[in-house]
Amino acid sequence: MVTAHTATASSDADNQHLAETFQVLLATVRRNRPSDDLSIIQQAYDFCREHHAGQKRASGEPFALHPLEVALVLAEMKLDATAIAAGLLHDAVEDTPVTSREISDTFGEQVAHIVDGVTKIEKIQFANREDRQAENVRKMLLAMVSDVRVVLIKLADRLHNMRTLEHLQPERQQAIARETLDIYAPLAHRLGMGKVRSELEDLAFRYVDPYGYEQIRTAVEANRQQGEQFLRSIDATLKEHLAEHNIQARIDWRIKRLYSIYQKLQHQRITVDQVYDLLAVRVITQTVQDCYAVFGLIHSIWRPIPGRIKDFIAMPRPNLYQSLHTTVMAEGGHQFEVQIRTEDMHRVAEEGIAAHWKYKAGGSPVSAKDEQRLAWVRQIVEWQRDMTDPNEFLSTLKIDLYPEEVYTFTPKGKVVVLPKESTPVDFAYAIHTEVGNTCTGAKVNGRMVPLKTRLRNGDIVEIITQNGHTPSRDWLTFVRSSRARNKIKHWLHEHQRERAIEIGRKLLDREARKFKTPLSQVGEAEYQKAATDYGLADAVDMLAGIGFGKFSARQVLNRLVPGSTSTQPPEPETTPGMSDTVRRVYFGKGSDSLTVEGQNDLLVYRARCCNPIRGEEIIGYVTRGKGVAVHARSCPNVQNLLYESDRRIAVEWASMQDDSKPDQRSTYPVKITVFCDDRAGMLREMTAVISDDGTNIRAVDTKAGTGAEAVVEFVVDAADLGHLIRLMNGLRRVPGVREVQRQQKL
């Protein structure tokens with residue numbers, strides 16, 4: 001009886017919470033869009049309550065609270081009733097028996113289209129989680145091209161999930177937080193949605209690197225009171241000068257976000273005290289003229305830092321962000337950043353594409369600025385048609401989501417915006433695909449330069465072409481733009497594939513002659529069946545696989561004519577039956593813990609460029625004559641290898657057989673670099689951390705860094721990724737340690 005009473009009380013409390021949240025939602029919509037018809041929102045809420053009834057979230061709250069909170073985020077973005085209704089329904093098709101047809105019949109085609117774009121792909125079988133993730137993102141972007149509300153709902157969905165992430169298991173927390181940093185926060189940035197991006201990054205940072213998060217949070221909190229006191233004095237001084245010059249403006253100030261500080265520490269290897277823009281002031285004016293007037297005024301009060309002045313009003317970022325940035329120095333040597341923008345620029349910087357996205361009853365007109373924001377999405381959708389590999393698509397997207405820009409010019413004065421550190425090859429492909437393919441040289445500011453030269457702001461670039469010239473694979477090692485990378489990969493893939501098919505056909509013919517098996521008697525049906533067994537579309541793909549070294553010709557011949565290769569003893573090859581000793585000598589310790597899905601006659605070895613260790617996500621790449629090279633997914637070389645998707649192969653870590661005997665488990669040599677204060681006793685304290693963990697130290701090297709910094713390199717034996725992370729966190733706790741990094745190459 002007590003249990004039933006408790007359950008009833010809990011249910012009443014849940015219903016009360018839902019009702020109160022819904023009233024907040026309605027009030028927010030009425031405030032932001034007073035002319036919208038709220039009946040579709042009420043209808044969608046009732047539908048959501050009915051079909052999610054009885055479902056619970058990991059937190060124990062009713063599931064219906066999640067779509068309700070997502071709808072509230074959308075209402076705060078000032079989106080229309082149709083988008084909010086779709087937000088309330090976004091999980092209906094995925095998590096209840098409701099179909100897209102029911103959504104369409106009840107709420108109309110527009111709502112159904114948005115819900116379908118947000119719904120994840122669940123029914124299709126994929127080889128791995130990465131392929132599924134890539135296809136879900138691809139589907140979202142395709143739907144977003146026709147209706148941007150799809151991605152706004154997806155971002156609102158991810159934002160609420162991140163706010164409640166503490167209720168999931170640590171593994172799920174890590175995976176979702178990493179995906180948020182890799183895809184959703186950059187996506188919000190690309191759409192100019194600074195507010196959403198900032199919250200997503202800080203929420204994800206907490207789970208991706210809990211120790212780093214806590215370290216930076218503690219350091220910031222220790223300086224917060226002093227920093228806020230300093231900013232209040234700056235605020236008072238600035239208001240006084242603005243009043244003197246009759247400039248209407250409001251002033252905001254803040255301490256830099258935790259994830260933004262973390263990125264700066266990682267990049268520059270400095271302490272929190274050395275972050276020059278830890279403190280920032282924002283001046284929001286009425287007009288552009290006032291922006292430049294304030295800019296001059298600030299430089300008359302405080303001394304500007306050379307090289308820290310940026311004019312994003314005259315040269316907006318690709319996501320249409322506009323603002324003036326300068327870093328100045330106050331008395332006592334305190335540096336702080338100032339951002340100056342108009343109210344409209346501020347709204348665009350905070351809300352991005354949601355700031356001006358207006359919908360009429362009859363459709364969804366898109367402004368010229370919104371079209372400019374979406375142009376990169378249309379480009380990606382266009383490029384993805386050339387990509388057969390979903391992981392290649394996802395890798396390309398990640399490159400394109402977070403570009404820092406460099407502004408270059410053609411000899412005729414046309415501006416060409418490229419990612420930071422772009423080269424003349426990137427510039428050539430930005431002009432036209434054929435210009436890129438036939439590029440042989442370049443002049444920058446009138447002087448001949450190598451094609452790998454990094455371009456800088458203001459460079460005037462002239463491309464030299466030659467008919468018949470073709471792209472070089474080496475270009476992939478230095479291009480920065482996704483457009484150039486995709487065009488080069490596409491050209492190489494097409495030509496490499498043609499060659500692989502030719503080689504595969506010759507190898508199969510040679511194997512057939514060796515075993516006296518006439519291929520003329522093998523029909524199309526047998527070829528198709530063999531290709532299907534390998535999970536391929538047709539025989540041509542299978543021949544390409546032989547040519548790339550992914551399948552052995554003998555293995556394929558035996559599938560085409562069962563028993564044909566058993567008439568003679570197998571050749572004395574080094575593949576099947578190779579002893580563990582020989583494997584280790586040739587391919588390194590740890591290769592015995594790797595397996596290839598569905599293959600038993602391929603050598604597997606860990607790539608030397610990244611030395612993956614157990615627990616890391618890995619990817620296999622067939623290397624002609626050497627077997628399967630296994631790379632960490634984070635390896636920089638993977639980007640360059642993915643263009644030949646035919647040579648990609650699924651690999652995994654073999655199951656652990658000796659967990660009860662740690663001394664028998666494989667260990668992997670890993671290099672760790674520590675940037676620390678140059679003081680007596682530092683090395684002793686760090687080696688004590690490693691040895692106390694029972695970890696073997698293979699080598700130690702120390703050298704002087706910049707200023708009072710020392711650099712210490714350890715090579716240690718790590719059992720797996722968890723072991724390595726534990727070691728690195730232990731080293732970070734040593735007083736005076738500034739940064740600890742794993743070096744992938746030994």
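Guide: Everything said here refers to a predicted model. The facing pair belongs to the pairing of strand 9, residues 439-444, with strand 11; the two strands are antiparallel and are joined over five bridges. They are part of an open sheet of three strands, whose order is 10-9-11 and whose pairing is antiparallel. At its edges are strand 10, residues 447-449, and strand 11, residues 461-465, each of which pairs on one side only. Direction ignored, neighbouring strands in the sheet are turned against each other by 35° on average.

A helix accompanies this sheet. Helix 18, residues 424-431, lies across strand 9, strand 10 and strand 11, and its direction is about 80° from that of strand 11. Most of helix 18 is covered, since six of its eight residues are buried. Those six are Pro 424, Val 425, Asp 426, Phe 427, Ala 428 and Tyr 429. The buried set therefore includes the charged Asp 426.

The chain contains 27 helices and 21 strands. Among contacts with a separation of 6 or more, 66% are between residues 24 or more positions apart.

Another open sheet has four strands in the order 13-15-14-16, and here the pairing is mixed. Strand 13 and strand 16, residues 648-649, are the edge strands, each pairing on one side only. Strand 14 and strand 16 run antiparallel and are joined by two bridges. Tyr 621 has Arg 648 in strand 16 as its bridge partner.

The loop between strand 13 (604-606) and strand 14 (618-623) holds Asn 611. Its phi is near 45°, a positive value in a residue other than glycine. Most residues other than glycine have a negative phi. Asn 611 has a relative accessible area of 10%, so it is buried. Lys 516 also has a positive phi without being glycine, in this case near 50°. Lys 516 sits in the loop between helix 20 and helix 21 (524-533). Because its relative accessibility is 69%, Lys 516 counts as exposed.

Helix 20 brings us to a helix contact. Two packed helices are described by the angle between their axes and the distance between the axes. For helix 20, residues 482-514, and helix 22, residues 539-548, the angle is about 85° and the axes are 6 Å apart. Helix 20 is therefore roughly perpendicular to helix 22. From helix 20 the contact takes in Gln 496, Arg 497, Ala 500, Ile 501, Ile 503, Gly 504, Arg 505, Leu 507 and Leu 508, and from helix 22 Val 540, Asp 541, Leu 543, Ala 544, Ile 546, Gly 547 and Phe 548. By type, the residues of this contact are ten nonpolar, three polar and three charged.

Phe 205 has 1% relative accessibility and so counts as buried. Tyr 213, with a relative accessible area of 17%, is buried because the cut-off is under 20%. Ring pairs also link Phe 205 and Tyr 213 with Tyr 259 and Tyr 262 in a cluster.

The last stop is Ala 699, found in strand 19, residues 697-704. With a relative accessibility of 37%, Ala 699 counts as partly exposed. Apart from neighbours within four places in sequence, Ala 699 is in contact with Glu 713, Phe 714 and Val 715. Val 716 is 17 residues away from Ala 699 along the chain, and the C-alpha atoms of the two are separated by 7.2 Å.

Definitions and conventions
Residues are numbered from 1 along each chain as its sequence is written. This is a predicted model: local features need pLDDT of at least 70, side-chain atom pairs count only at pLDDT 80 or more; totals for chains, interfaces and linings use all residues. Side-chain values use heavy atoms; hydrogens and water are left out. Axes are lines fitted to C-alpha atoms, for helices over the stretch in contact, and angles run from 0 to 180 degrees between N-to-C directions. Angles under 35 degrees count as roughly parallel, over 145 as roughly antiparallel, 65 to 115 as roughly perpendicular and the rest as oblique. Contact means heavy atoms within 4.5 Å. Two strands pair if DSSP finds at least two bridges between them. Buried means under 20% relative accessible area, exposed over 50%, partly exposed in between (1.4 Å probe, protein chains only). Rings of Phe, Tyr and Trp (its six-membered ring) pair if their centres lie within 6.5 Å; planes under 30 degrees apart count as stacked, over 60 as edge-to-face and the rest as tilted.
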